[in-house]
Amino acid sequence: MLDTFPTLAAIATTPAALRQLQQLNQDNLTIWISPKLSALAETAPNLHSYGDSLKDKIAELWPSTSGFIFALASGATIRLVAPLLQDKATDPAIAVLDEGGEFVISLCGGHQGGADRLAQVIATQLGAQAILTGAASAQQRTGIDILGRPFGWRKGSGDWLGVSATLARQDSVQVLQDAGSDLWQQHLPARHSFQFGFGDEAVTPSDEAASTAQARVWVSATQRSFSDEGIPKVQWHPRVLWIGVGCERGSSRELIETAVTQTLAKGHWAEGAIAGIATLDLKSDEVGLLELCQDKGWPLRCFTADELKDIEVPTPSKIVTKEVGTPSVAEAAAIAAASDPTNGSLVTSKQIIRLEGQPGAVTVAIAQADQEYTDRPGHLSLIGTGPGALDQITPAAKTALIEADAIIGYGLYIDLIRPILRPGQIVEPMPITKERARAERAIVLANWGLNVAVISSGDSGIYGMAGLVMESLSQAGWNGKTPSVQVFPGITALQAAAARVGTPLMHDFCAISLSDLLTPWEVIEKRLKAAAAADFVVALYNPKSKTRLTQLGSARKFLLEHRKGETPVALVRSVYREDEQIKLTTLGELNPDDVDMLTVVLIGNASTLRHGNWLITPRGYLGFGNEQV
Ligand code: SAH
């Protein structure tokens, strides 16, 4: 959890503060305590005394810590961190927690340091209130300085403070995007001050002049140099450029780097927009190439001559065909890499670069992909959000929801959890009938590198989305690791409904869905008869839909063959939601008109009793002695 903070340090000087911190459930958290509390330091492996000087300890931890949680007064915290703060692009996240565990303040490093997110996660786990004072969170939007993070964009040059300030004033900011995903544009709050310009068309200087915007954001693979004059401007670079490289054996790292830099400069491409290097598999051990990729954090994609030889290129070469079996390396490899998994095309054809006094020669070509490379492995959180009320969701599931870049689910369930979502998240509600499409969409986004939460009501593994997602992954030849998958349990309808009417489940019980959409009715009938005969308490899911009207009547008939008409039954509709309705009846009097698709039907066993408005299934069968409880 909280992968964005590889190292978290928390500080407590009192036992009460320590108790709060110990409720946080983070593997990567170390808690530093006052030597006065050092007797406690032995009680847990992640507890340590900070020694004589907290100030020195903070200074020591500062460079290697991605987030600090101070369970101290905010004044004391400010004095401790002030001398260490440098730049909001590099400072760690600083959150302050009050001793009573009521409030968590995102004090410093709100956007780029991730303190807003840290404060939200802590607040969720402790049931506290997160206090975020940045303008972006007040306006329900993402800060411009972290906008491209989910998509792996690289921050380019510009006046980031100036553009952020313009947005904070809600003055209009022009966005000119000609590369990378525009998903973020589709998920802005209803009131925002961006003006989107020009779509795919080229921007001319007169277009720029015509705009009334007070600031400008470029999202582009092109390198722009901004003058200090005029409105503030910044540039984000989606990683869309695949650099095809061919080289003579033994070409130095310096030569290859120079060749890449010169080719970029010629086309005014930004280095930040480089996705990676593409080449022939024969070059997979080319030392200079490997060194360059390693230093720059660029992946090296290698293709076989067979994969490259039929790709159409502007500059094929017979000599190259003779040497390596494909008429093009640089151009063909660039195109091949940029075309996987979507489309791409060559934007700079082959350049041959030599350096005076250096052996070797390098060819470079550039192709641009439609979809940016995110450099992230992708993650799927399959989350059960419980029956409805926000306090019935597990803290772990809430944390996963806050962490997600994108949330996919049925619209009604997304509406129920909307209050805990974070500004800037990609939220894709989809119709109830489109379960498979929802699963496929989640997998596409995760394969692309996003952290995707797929939500189901109740438990996601009980007639929920988790099964569909795992099925699709398995059919698509998933390796079990990438994207990574985590399943978060939720309170399922039968538990929630049971809790509202007493203890009807108590003994052996089963769940049967009456939906014959994905299961043949004969199978359902067989299970109903078996459950009836075996005297299971039965929970009926999907008892009815607009077009499925008769199944509940049939289920009642099968159960009556083994159970008395007086057997208690609870019809529980929209449990833990605002429009919750509960009706207690009996199997004999069960009226299918009282039931709809938002109802779960609980049917007692032979010993279930009704006591006032409560249903009680005894822990053991009456007369069979006392079982251990
Ligand atoms: N994954 C869900 C079940 C989805 S199937 C879970 O674990 O609860 C949909 C069926 O679940 C509905 O037809 C209804 O029978 C039941 N259901 C889901 N949420 C419910 C709620 N809040 N109240 C009553 N029944 C509910």
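Q: Which domains does the shell around the ligand draw at least three residues from?
A: The shell takes at least three residues from each of domain 4 (379-491) and domain 5 (496-616). Domain bounds come from an automatic or database domain assignment. Please note that this is a predicted model: local features need pLDDT of at least 70, side-chain atom pairs count only at pLDDT 80 or more, and totals for chains, interfaces and linings use all residues. Residues are numbered from 1 along each chain as its sequence is written, and side-chain values use heavy atoms, with hydrogens and water left out.

Q: How many residues surround the ligand, and which are the closest?
A: The ligand is surrounded by 19 residues, each with a heavy atom within 4 Å of it. The closest are Asp459, Ile462, Thr492, Met597 and Thr599.

Q: How does that shell divide by class?
A: It has 11 nonpolar, 6 polar and 2 charged residues. Here Ala, Val, Leu, Ile, Met, Phe, Trp, Tyr, Cys and Pro count as nonpolar, Asp, Glu, Lys and Arg as charged, and the others, Gly among them, as polar.

Q: What lies 2.6 Å from an oxygen atom of the ligand?
A: That is a polar side-chain atom of Thr492. A polar backbone atom of Ala493 is 2.9 Å from an oxygen atom of the ligand. For Arg577, a polar side-chain atom lies 3.3 Å from a nitrogen atom of the ligand. The protein covers 94% of the 540 Å² of accessible area that the ligand has on its own (Shrake-Rupley method, 1.4 Å probe; for residues, only the protein chains shown count as cover).

Q: Changing topic, which domains does the protein chain have?
A: The assignment gives domain 1 (8-133), domain 2 (144-237), domain 3 (241-369), domain 4 (379-491) and domain 5 (496-616).

Q: How far apart are the C-alpha centres of domain 2 and domain 4?
A: These centres lie 31 Å apart. The contact (heavy atoms within 4.5 Å) takes 5 residues from domain 2 and 9 residues from domain 4.

Q: What area is buried between domain 2 and domain 4?
A: About 570 Å² is buried there, and carbon and sulfur atoms give 72% of it. Buried area is the accessible area (1.4 Å probe) that two parts lose on being put together, summed over both. In domain 2, Pro150, Leu183 and His187 lose the most area to domain 4, together 78% of what that side buries.

Terms used:
A polar contact is a pair of N or O atoms within 3.5 Å; within protein, one must be able to donate a hydrogen and the other to accept it, and residues adjacent in sequence count only if both atoms are side-chain atoms.
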